[in-house]
Amino acid sequence: MKKFLLSFTCLFSLIASADEGMWTLYNLPQAVYEQMKAEGFSMSYEDLYSSKNAIKNCVVNFSGYCSGVVVSPNGLVFTNHHCGFESIRSHSTVEHDYMLNGFCAKSYEEELPNKNMFVSFMRAQEDITDRLTAIAKKNHIADGDWDAMIDSVQNAMTDSVKRIDKTLHVEIGAFYEGNAFYATTYQLFPDLRLVFAIPKSMGKFGGDTDNWMWPRQTCDFSVFRIYADPKTNGPAEYSKDNVPYHPQSWAPVSMKGYQDKDFAMTIGYPGSTNRYLSSYGIREMRDAENKTRVQVRGIKQEIMKRHMDASEAVRIKYDSKYAQSSNYWKNSMGMNKCIDSIGIIKQKEEYEARIRNFQNETGYLKGQLDFDKMKQLYDARFNDVRTMMYFSETFMRTNELVTRALRANHGGYQLKGPENNLKKQYFEIPDNSKDWDENLDKEVLAALLKNYKEHVDAKYLPAFFSTISNKFNNNYQAYVNHLYKKSMLMKGKKIFVSKKKYLKDPGVQMGLDLLTTLAELQGRMSSASLNIAQQEKYLCAAKLRMEQDLPHYSDANFTMRLSYGQVGEYLLNGQPSGYYTTAESLVKKMNQQNTIADYFAEPELIDLMSAKDFGKYTDRQTGKMQLCFLTNNDITGGNSGSPMFNGKGELIGLAFDGNWDSLASDINFDRVLARCIGVDIRFVLFMMDKWGHADRLLQEINAQ
């Protein structure tokens with residue numbers, strides 16, 4: 001038995017690679033665990049998921065888009081600065097600009113509550129594929145029509161766990177391209193308060209210049225606190241009477257640092273990968289999605305940046321929006337570059353040829369998995385997907401007027417007034433003027449409308465484009481100015497939905513036209529998309545069957561995952577990259593701020609990082625103040641804020657980025673180039689100490 005296990009582990013390490021994989025914890029393959037141990041992991045298998053103080057219990061889903069980690073007995077949570085960006089921005093004003101100047105709560109009373117933010121703990125997970133399959137078979141539910149059944153089972157499972165604890169709920173997700181389904185039990189805490197944020201110059205140091213790049217010196221962290229019901233220590237909506245949450249366990253914070261080849265592990269909530277995706281799907285992603293995203297966002301961001309540079313008030317409103325937009329604008333460029341330079345589509349085609357041969361030899365999924373059919377389906381859908389990307393990037397969450405127009409026509413605002421009297425029913429649009437700027441908004445919309453018309457077929461133009469042509473002589477800015485001046489949606493008054501002038505309102509009509517076009521696009525794509533999903537499911541199933549002697553992880557889908565590997569450098573432009581950065585390298589960049597705006601830092605921060613002695617924050621081995629470091633852990637969007645652990649389960653850093661040289665790893669993991677960039681936890685604590693003077697927080701964290 002031992003001989004078999006040894007040979008199996010060796011085979012796994014050669015093919016799957018120790019640093020590749022986003023593994024679910026509850027069913028972590030034994031071979032993966034044995035490989036982790038061989039590389040320096042010293043905790044028990046149970047301490048990952050099932051023991052009382054399992055590591056999973058201190059890792060959180062941070063507000064549905066990032067990850068975080070609990071680091072104290074009073075519910076302190078570390079995540080990235082860019083994950084806390086919107087919270088920091090929303091509390092900022094020109095007079096109290098926490099984005100620019102940072103924030104440190106000196107007491108519980110000063111900690112700032114946040115609307116629509118939360119942390120969620122994964123409490124349990126199980127495979128329910130067989131259960132769903134049995135229900136579908138019994139009720140004659142076709143393979144592609146499981147949505148209603150899954151919703152029903154999810155509701156039933158949630159009702160069941162709520163009888164045990166009313167604060168729990170269940171979510172069912174598809175894994176392995178829909179070949180498996182897991183039910184995950186969560187506990188969500190909606191009272192999350194901002195505790196600490198460093199100035200943006202440090203939390204976002206390097207800006208777009210350094211984003212996705214190495215070397216990095218960004219101190220990308222922020223600190224929040226979970227609040228709970230004072231009677232139950234359980235989840236509760238915000239109340240001034242809530243108290244800090246006392247978790248069952250939290251992550252021990254280490255001051256010991258790391259060395260080259262040390263074991264490193266991340267646990268978090270990676271958002272989306274597509275490593276089972278076919279060569280046809282990758283081509284569509286490159287040419288229909290990524291190219292479009294880059295083109296549209298480039299236009300939008302140029303306008304945003306110009307207005308932000310001209311006004312501090314506008315900058316505060318748009319800091320977060322701009323950062324979110326530019327992040328995957330640059331990611332899409334980098335991914336396409338890697339797809340072409342590495343030749344990923346050709347590699348996928350060669351692998352698919354192997355699967356064809358396997359299918360021919362075994363007959364597995366014969367008559368179901370059909371590569372020629374898959375190609376035809378993707379070819380037929382290509383232009384619709386490209387247009388849908390132009391539609392989404394132009395109209396979805398990019399402009400206040402369009403957002404209101406869509407919400408008004410799609411039930412986005414709560415109707416008020418008597419239920420039995422339609423004439424007196426109305427909705428109100430809340431005043432959110434602190435979140436957007438009219439001049440910027442109008443210029444962006446005009447530019448994007450013009451760009452949309454220039455890049456899509458005429459049949460995909462919403463009806464209001466005829467108005468722009470006929471009544472405004474293709475003057476997009478004049479049309480937009482007319483909308484803002486005439487539409488009741490922009491006036492903030494009661495809007496009665498049954499009055500004739502409501503349907504004649506130009507903003508309301510614009511929303512109706514957009515929804516009509518969107519429905520047409522979705523209708524055109526639905527049949528092909530359903531069939532493509534089925535073919536991709538078969539392709540994944542064939543891969544799993546062909547390699548059934550090897551463990552396989554499912555693509556990321558924003559459920560908790562584990563990745564492991566080692567601290568270490570890589571070859572960057574033919575030269576060793578180094579596996580950590582130092583205070584000296586940061587100061588060197590700060591001194592270039594007159595020529596590179598993204599390297600700006602306040603004089604006090606330059607002085608702070610120019611210290612001759614960093615005391616206990618100095619690395620014992622190198623004698624340097626280490627800032628950021630590299631591991632070959634697997635990372636993607638959503639992993640931002642993921643805790644980085646050493647082999648003892650101690651926190652050594654927070655993941656915040658991948659590297660430019662491997663941005664195609666979402667579709668094809670590069671075992672040579674792929675790196676995870678993390679901020680050293682000692683850099684985090686140094687800034688809390690020497691800049692923030694956050695003594696009460698440091699005592700609470702009690703780093704060792």
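Me: Which residues does Ser665 touch, not counting residues up to four places away in sequence?

Reply: Contact means heavy atoms within 4.5 Å. Ser665 touches Arg275, Asp670 and Ala674. This is a predicted model, in which local features need pLDDT of at least 70 and side-chain atom pairs count only at pLDDT 80 or more, while totals for chains, interfaces and linings use all residues. Numbering starts from 1 along each chain as its sequence is written, and side-chain values use heavy atoms, with hydrogens and water left out.

Me: Is Ser665 buried or exposed?

Reply: Buried means under 20% relative accessible area, exposed over 50%, and partly exposed in between (1.4 Å probe, protein chains only). Ser665 has 6% relative accessibility, so it counts as buried. Ser665 sits in the loop between β21 and β22.

Me: How many residues of strand β21 are buried?

Reply: Helices (H or I, at least four residues) and strands (E, at least two) are DSSP runs, numbered from the N terminus. In β21 (residues 651-658), eight of the eight residues are buried, so the rest of the structure largely encloses this strand.

Me: Which strands pair with β21?

Reply: Two strands pair if DSSP finds at least two bridges between them. Strand β20 (residues 643-645) pairs with β21 in the antiparallel sense over three bridges, and there Phe645 stands opposite Leu651. The hairpin of β20 and β21 has five residues between the strands, and Gly649 takes a positive phi near 80° in it. Strand β22 (residues 676-680) runs antiparallel to β21, joined by five bridges, with Asp657 opposite Ile677.

Me: Where is Asp210 found, and what does it touch?

Reply: Asp210 belongs to helix α9 (residues 207-210). Asp210 counts as buried because its relative accessibility is 5%. Not counting residues up to four places away in sequence, its contacts are Pro215, Arg216, Gln217, Lys330, Lys589 and Tyr599.

Me: What joins the side chains of Asp210 and Tyr599?

Reply: A polar contact is a pair of N or O atoms within 3.5 Å; within protein, one must be able to donate a hydrogen and the other to accept it, and residues adjacent in sequence count only if both atoms are side-chain atoms. The side chains of Asp210 and Tyr599 are joined by one of 2.8 Å. Asp210 can also be set against Asn659: they are 449 residues apart in sequence and 10.0 Å apart in space, C-alpha to C-alpha.
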